[in-house]
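Please look over the sequence and the model below before reading on. The report that follows takes up a few local features in turn.

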Amino acid sequence: MIFFCGDTHGRFEHVIRAVRQHRPDAIVLLGDIQAPKPLDEVLAEILDLTEVWYIHGNHDTDSFYDYTHLFESKLADRNLHGRVVEIAGKRIAGLGGIFRGQIWMPPAHPNYPSQAHYLAHCGQSNYWRGGLPRKHRSTIFYTDYQKLGLEQADILVTHEAPSCHPYGFHALDQLAHKLGVQKTFHGHQHDCIDYRGHDLRLGFQAYGVTLRGITDENGNIIDAGILPD
């Protein structure tokens, strides 16, 4: 069984508790993780109990520490962004980050299709560590999206939501179709809307996982988390 964990925003007690109680085969963090210290240290007590995977969210590049505690932790290789990995018998595709108008805001055409294209135009004074500005390391680039769509998967995990959410994107519906997935899970919006009325139109089952919530691969809520006001 795989658990999908909504935006933790620096709090992990509920994740550790759920793993200890239910012993899932794997957990997938859906972005906005903001670990207060390296992620492998934060989750050290459950690393022998389950596999830990993740995608990043927009807030995971807010600060130097948000970035390094995730992308430079000993779990850095567990980032699912831009690839498909078989986890507990399921092929899971990941697309971390968010759409930003400066780069690409679907359905508009991208202003900068690739990271290389943006770097060629943004000026070296805007580089961070010799590459993309830290903020845009959580921006979705069209070439990453396009490359992922060439794969096949059972489940797609994203930080942004598909079109069934009021603030979602049809581009993610299209990605799900290209991948051939049966289910998608997303974070970011901090809510858990019942999308069942959209299943026929979408062609897949979609699930939003609320702020610090946990949902299993069948859509069952393990921890309702903190719902928005």
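## A proline pair in a loop

In this predicted model, Pro107 is found in the loop between strand E5 and helix H4, the latter spanning residues 115–122. The peptide bond that leads from Pro106 to Pro107 is cis, with an omega near 10 degrees. Such a bond deserves a remark because most peptide bonds are trans.

## Residues with positive phi

Most residues other than glycine have a negative phi, and the following residues are described with that background in mind. Asp32, which is not a glycine, has a positive phi near 50 degrees, and its place is in the loop between E2 and H2. With a relative accessible area of 2%, Asp32 is buried.

Ala88 likewise has a positive phi, near 50 degrees, and sits in the loop between strand E4 (84–87) and E5. At 40% relative accessibility, Ala88 counts as partly exposed. A further positive phi, near 50 degrees, belongs to Arg23, the residue that follows helix H1.

## Helix H1 and what covers it

Helix H1 runs over residues 13–22, and within it His14, Val15, Ile16, Ala18 and Val19 are buried. Which elements cover these buried residues of H1? The cover includes the strands E1 (2–5), E2 (26–29), E9 (214–216) and E10 (221–223), together with helix H2 (39–42).

## Salt bridges

The structure holds seven salt bridges, among them one in which the side chains of Glu45 and Arg20 meet at 3.3 Å, N to O. Because Glu45 lies in the loop between H2 and strand E3 (51–54) while Arg20 belongs to helix H1, this pair ties together parts that are 25 residues apart in sequence. Glu45 is partly exposed, with a relative accessible area of 44%, and Arg20 is also partly exposed, with a value of 42%.

Another salt bridge joins the side chains of Arg91 and Asp154, at 3.1 Å from N to O. Arg91 lies in strand E5 (residues 90–95), whereas Asp154 is in the loop between helix H5 (142–148) and strand E6 (155–158), so the pair ties together parts that are 63 residues apart in sequence. Arg91 is partly exposed, with a relative accessible area of 35%, but Asp154, at 14% relative accessibility, counts as buried. In one further salt bridge, the side chains of Asp194 and Arg196 meet at 2.6 Å, N to O; here Asp194 is partly exposed at 48% relative accessible area, and Arg196 is exposed at 64%.

How values were computed:
Residues are numbered from 1 along each chain as its sequence is written. This is a predicted model: local features need pLDDT of at least 70, side-chain atom pairs count only at pLDDT 80 or more; totals for chains, interfaces and linings use all residues. Side-chain values use heavy atoms; hydrogens and water are left out. Buried means under 20% relative accessible area, exposed over 50%, partly exposed in between (1.4 Å probe, protein chains only). Helices (H or I, at least four residues) and strands (E, at least two) are DSSP runs, numbered from the N terminus. Contact means heavy atoms within 4.5 Å. A salt bridge is a side-chain nitrogen of Lys or Arg within 4 Å of a carboxyl oxygen of Asp or Glu.
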